[in-house]
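Thanks for coming. Please have a look at the model before I go on.

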Amino acid sequence: MASIVQRNNRYNVVYLYDDEATGKRKQKWESFKTMADAKRRKAEIEYRQEIGTMVIHQCKTVDELLKEYVALYGKTTWSMSVYGSNTALIEHYISPIIGSMKLSDVTARVLEKYYMQLLKTPSVHRITQKANSKNVIYVAPPTVRKIHNILRSAFHQAVKWELMEKNPAMYATVPKSEAKKREIWDAPTLFHALEVCEDERLKLAINLAFACSLRIGELLGLTWDCVDISPESIATGKAYVYVNKELQRVDKSVMKALGKKDVLRVFPELRESNKTVLVLKKPKTATSTRKIFLPKTVAEMLVEWKREQDFTKEALGNEYADFDLVMANGLGMPTEQSRITALFAELIEKNDLPKVVFHSLRHSSIT
């Protein structure tokens with residue numbers, strides 16, 4: 001096993017190895033500027049020790065490289081959502097097509113031909129897509145770009161590991177994709193939507209998303225211990241919410257592979273047969289942790305919402321599962337993103353409002 005020791009603003013990876021010349025066990029220190037680099041090196045060393053060698057395995061094919069890339073780089077660097085997405089792209093679009101190709105045969109020209117082939121490849125069936133749909137959906141340019149980014153990063157590691165002389169993805173041209181402009185509501189439309197909204201849960205969610213520029217996972221993962229709506233704070237304009245976690249549905253296999261990385265709480269499952277589970281996890285990025293001051297109207301909405309929630313808790317007693325969630329459902333369990341998006345779509349349809357997605361409220365706020 002390896003360990004990380006911090007000294008003089010440097011992060012040192014310390015481990016034991018067998019000296020080939022003397023056969024004796026020796027200790028080695030390797031210094032890194034950042035903790036992230038040190039963690040990646042620590043994971044690599046422990047992986048080598050686990051397979052019984054401290055010598056870099058000479059990967060010959062793309063598949064062999066990607067296996068090590070995911071084990072040594074992906075598990076220490078990627079979040080759960082990124083890990084699930086990237087491994088799925090590898091499984092469905094990379095391994096079946098170029099996985100058996102030798103690393104020495106991969107060139108920029110080969111990659112460009114591969115990218116063009118992907119554009120003519122049917123995309124993997126999605127849950128939201130009907131299995132018997134007659135319209136074949138092909139891999140889109142944005143997906144090809146994601147695949148290119150994975151290969152570029154993997155080949156970069158291969159160069160560092162001295163498995164390749166240069167990174168062919170650096171010179172490959174990626175199919176262009178037209179960025180679609182996200183439609184947003186202007187202020188009058190937003191205020192009209194709030195006026196006609198009859199669902200109090202949705203109204204609060206819209207206000208939080210707009211007034212606080214919150215992502216939907218952040219507002220659904222908000223807990224009362226991170227909310228200050230005391231009378232004194234509201235009166236002085238200092239009421240706030242502190243964003244330090246988010247609600248997310250994750251794949252169980254991914255969570256197991258990453259050892260519950262960044263997971264703060266796993267919520268009870270309704271069915272054990274489910275392949276996914278709801279969790280509270282650390283936010284998307286370190287800069288996502290922030291304190292946001294509340295407009296008085298939103299703070300007062302939260303006061304009323306908490307009053308109603310406390311009444312429900314008292315009425316249900318032990319039947320209420322208290323996880324301290326602000327946006328809890330009637331029994332205390334988390335409100336899922338799908339529920340909010342469904343209510344939001346219903347509000348738009350019923351009142352003939354411009355069609356936007358819930359996340360666009362955050363962009364309306366920034367605008």
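Let me start with Trp 185, which is buried at 4% relative accessibility; buried means under 20% relative accessible area, exposed over 50%, and partly exposed in between, with a 1.4 Å probe and protein chains only. This is a predicted model, in which local features need pLDDT of at least 70 and side-chain atom pairs count only at pLDDT 80 or more, while totals for chains, interfaces and linings use all residues. Residues are numbered from 1 along each chain as its sequence is written, and side-chain values use heavy atoms, with hydrogens and water left out.

Now the rings. The structure holds nine aromatic pairs. Rings of Phe, Tyr and Trp (for Trp, the six-membered ring) pair if their centres lie within 6.5 Å; planes under 30 degrees apart count as stacked, over 60 as edge-to-face, and the rest as tilted.

One of the pairs is Tyr 69 with Tyr 73, stacked, at 5.2 Å centre to centre and 15° between the planes. Both tyrosines lie in helix H2, residues 62–77, four residues apart, about one turn of the helix. Helices here are DSSP runs (H or I, at least four residues), as are strands (E, at least two), numbered from the N terminus.

Trp 185 pairs with Phe 344, tilted, at 5.3 Å centre to centre and 45° between the planes. This pair links distant parts of the chain, 159 residues apart: Trp 185 is in the loop between helix H5 (141–160) and helix H6 (187–196), and Phe 344 is in helix H12, residues 337–350. Phe 344 is buried as well, at 2% relative accessibility.

On to the cysteines. Cys 197 is buried at 5% relative accessibility, and Cys 226 is buried with a relative accessible area of 8%.

Last, Ala 257, in helix H10, residues 252–257. Is Ala 257 buried or partly exposed? Partly exposed, at 29%. Leaving aside neighbours within four places in sequence, Ala 257 is in contact (heavy atoms within 4.5 Å) with Lys 75 and Tyr 83.
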